[in-house]
Amino acid sequence: MSVLLLLAIILALSGLAFILGRARSISKVSGNIRDLHSLPGYYGWHTALTVLFPSIVVLVLWLVIQPMVLSNGAAKFFPEATRADSVALTLALDDARRVSRGLDAMIANGSKSEAEIAALDTATTDVRALLAEVNVALGSDVSAESLDAAKYMRAASHSGGFWMALAVMAVAGVGLIFGLSQVHPEFRARNRVEKAVLGLLILASSIAILTTVGIVWSMLSESISFFKMYPAGEFFFGLTWSPNFSGGSTLGFLPLLWGTLYITFVAIIVAVPLGLFTAIYLAEYASPKLRSWIKPLIEIIAGIPTVVFGLFALVTVGPILRDYFAQPLGLGTSGSSVMTAGIVIGILNIPFISSLADDIINSVPQSLRDGSFGLGATRSETVRQVILPAALPGIVGAVLLATSRAIGETMIVTMGAGAAAKLSLNPFEAMTTMTVKIVGQLTGDTDFASPETLVAFALGITLFVLTLGLNILALYIVRKYREQYE
Amino acid sequence: MTDFIAGAAAPKTSILGVSAKMRRRNAAETRFKAYGIFAITLSLSVLALMLWTIFSDGLSAFRQAKMTFPITLTAEVLDPKGNLNRDEMAKITTVGYGKLLAQAFEAELKAKGISTEGVSAKELGALLSKDAPGVLRAEVLANPSMVGTTQNRSILASGRVDGYLKGRVTRETAERDNQISPAMLDLADRLVAAGILSAPFNTRFLTSPDASDQRPEAAGLGVAMIGSAYMMILVALICVPIGVAASIYLEEFAPKNRITDIIEVNISNLAAVPSIVFGILGLAVFINFAELPQSSPIVGALVLSLMTLPTIIIATRAAIRAVPPSIRDAALGIGASKMQTVVHHVLPLAMPGILTGAILGLATALGETAPLLLIGMVAFVDNYPAPPMEGMFDPATALPVQVYSWVTRSDPAFVERSSGAIIVLLGFLFVMNVTAIILRRKFERRW
């Protein structure tokens, strides 16, 4: 029985439980619901929860535990030598699992009956060819142990599925009876239901924490296995990046860091003046009507997907820079370059800086402006000598946040910066970044045992730490600034 | 005495004229203001340039060069045994259909009296798309009774002919191109004059799946749009309930202590984590650990949900905070429990704000590319995924990823395709944003 069907049954049962619980609470007080502690609906909800909660727990536990039990059982079919070696055992079990899936597929398309499957023997039939017919490709011929283990797995998982359905439904039934037996006029159903809902709310808000834990755990565990294969010192201080998927790669991190920082630098040089002047004009000069037009227009830039900017960099900005700047100046012939990616990331970050800076400038107290005007300063003098110094910490925070976004930007650099890892000062040369290499090493066929793939996780955690550090620093600066006015 | 008067006669400043210093200050003022105008103009003109390039490159993707001529589906070729048995007919490969098409094309040219000078028979066949025989074959196999009849069909022209009609391929580029020659372009001109070659609206661009490197003319967005739609549905189902639940807890119930503080800092940091990091998380947790299938919408949706969750939580919390405390006090005052207050009063009042935030969050998720590359959605998929539930586990691509994978291909015709795909993507984003703005305008309340 499929898990989805089982879920549907549980849901239907709990719907039934709601109706029964509600009806029972009303009949207990013979229709006079003022004698109940809670509204009848709460008794219904409570009964529904006593059905839903335990049966879902049993279902989830069963789904987690069954594969483990199956692997343990199937391991017995393999010789002692295989069982002693954990890697070999995992591979053997994977094979057996694939074979059992193939056997299922044969039953499903009707080419074999249950009896024929049970009679299958590696000595007399070519099981591998049979499996290939149902699109299950195996690396080697199927051994007798593997076939036996697969047959065991099939049988066990089928009976396991049956027992799981039975257990879940039994638990649901017991839950229903228990829930109904709890319905009394004095029973505090509302408090119980609200507590359960509160539990759900807490669960939902802890998902954010789980995500962070997941990020750190997934990247850390793979990075550790990377550093076991490749010395950390050579990674962090190596000057050449030349991965070689057949082995013997040099994976130096510094060229990637240099490319990332150089592109980020260009992006910030573009984004900060443009974003800041836009914000100053909108906050200090523009009439309310003009502002209500310009601000949404600028923010359109922020709503456009980065892949569109990537295409713009590749098709428009890159060729323009190459034909009008790089080639006449003799600096290079490549359309994808640090400048291309940097300028386009800078444009992407204009609305980000301008809207943050706009908020910050607007939060500078009006009295400071009035004081400055009263002393005879012009608008620009007020902005430069009063408002900007007062808003400086917030603006620094905004610039740091923009830096962190530029460092983590992926699509624009993938399409506009090139793929060559170089340590060069020429801004019209193609260079590459950490994010480009993460995409490069993890796209396509990946082998999670080679340092060339695992290096992406080390790059990922470095990127995570770098951006997280910048964000925390920015938040700290912004918070400190706020305290001054409150 | 006279010296003193002479000194006073030339005052340094006057209230009637503007002093040099003041002139400098005013000039600085004008310059400063001009910088602001310059910054805004520059930003907006770059935006305009970008949209203009995309639209001028991409709009032509919605038209497609097609040849219309009668095709005789000769029974001897397509059904040698004459029994209309589908399995037997399936033995005729696309090569057979290709020959049939070429013959029909040649016959039509002769019948209409169009000269083919300078164009060899092979080049004549190259004017038709490599995709056309396959389409015809699928059509015949689906409906074997067509064999033996003569059908009037619109056949895709090759990518180069398509490019010629749209101005991308010219006689100069054709000189250097081994797939097309100037003589073939002359023939194309004559075909247009004869009404055989035309460029009608390209519905296949919106419906058909991706096509291989050699046939840009057949590539479409069908699978990508289904994939994106599946992911958006799942993201909405996963992300909105969890996001709203988390916001209610943090805003209404959470005690101010260390743990909630950690959760808050966590959420604001997650909102700023680069999206590619979520891709790494998805690869490690959902594909390697949980063994969900690569390239499937379910994995994409889970990754995008985790990425969008902080955005939705932040928007929802702002919406909940905007509901004035007096509403809560009134509900509590007449005996509602805290939970009833929230469910019956605060949530309905915050709903427009929550919906706006959710739609904007979904719009960001729809345009996101980087994490999807890592979970294998960049793979070449030319089968439609199954209808929902199983379809969520079938390989698919997404709109922005399709844009990227077309750009990386060598044929310049794919640039037109990916700009076209961007127009479709921007269209969806536009609709979502306008919906959000209308919702906000319509239901916004000033307390």
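This is a predicted model: local features need pLDDT of at least 70, side-chain atom pairs count only at pLDDT 80 or more; totals for chains, interfaces and linings use all residues.
Residues are numbered from 1 along each chain as its sequence is written, and chains are lettered from A in the order in which they are written.

**View 1. Helix 12 of chain B crosses helix 17 of chain B.** Helices are DSSP runs (H or I, at least four residues), numbered from the N terminus. The axes of helix 12 (residues 222-253) and helix 17 (residues 338-367) of chain B come within 10 Å and cross at roughly 140°. Axes are lines fitted to C-alpha atoms over the stretch in contact, with angles from 0 to 180 degrees between N-to-C directions. The two helices are therefore oblique to each other. Residues are in contact if their C-beta atoms, placed from the backbone, lie within 7 Å. Helix 12 of chain B contributes residues including B:S228, B:M232 and B:E252, and helix 17 of chain B contributes residues including B:V342, B:G361 and B:L366. By class, the contact has 14 nonpolar, two polar and one charged residues. Ala, Val, Leu, Ile, Met, Phe, Trp, Tyr, Cys and Pro count as nonpolar, Asp, Glu, Lys and Arg as charged, and the others, Gly among them, as polar.

**View 2. A:S30 sits in a loop of chain A.** The loop runs between helix 1 (3-28) and helix 2 (40-75). A:S30 is not a glycine, yet has a positive phi of about 45°. Most residues other than glycine have a negative phi. A:S30 counts as exposed, with 8 C-beta neighbours inside 10 Å. The cut-offs are 20 or more other C-beta atoms within 10 Å for buried, 12 or fewer for exposed, and partly exposed in between.

**View 3. B:S295 is a buried loop residue.** B:S295 lies between helix 14 (275-289) and helix 15 (297-321) of chain B. Its phi is positive, about 60°, although B:S295 is not a glycine. Within 10 Å of B:S295 are 24 other C-beta atoms.

**View 4. Chain B meets chain A.** The contact takes 66 residues from chain B and 66 residues from chain A. Helix 2 (residues 20-58) of chain B gives the most to the chain B side, with 18 residues. That side divides into 50 nonpolar, 13 polar and three charged residues.

How values were computed:
Angles under 35 degrees count as roughly parallel, over 145 as roughly antiparallel, 65 to 115 as roughly perpendicular and the rest as oblique. A crossing is left-handed if the near helix is turned anticlockwise from the far one by less than a right angle, and right-handed if clockwise. Two residues are in contact if their C-beta atoms, placed from the backbone, lie within 7 Å.
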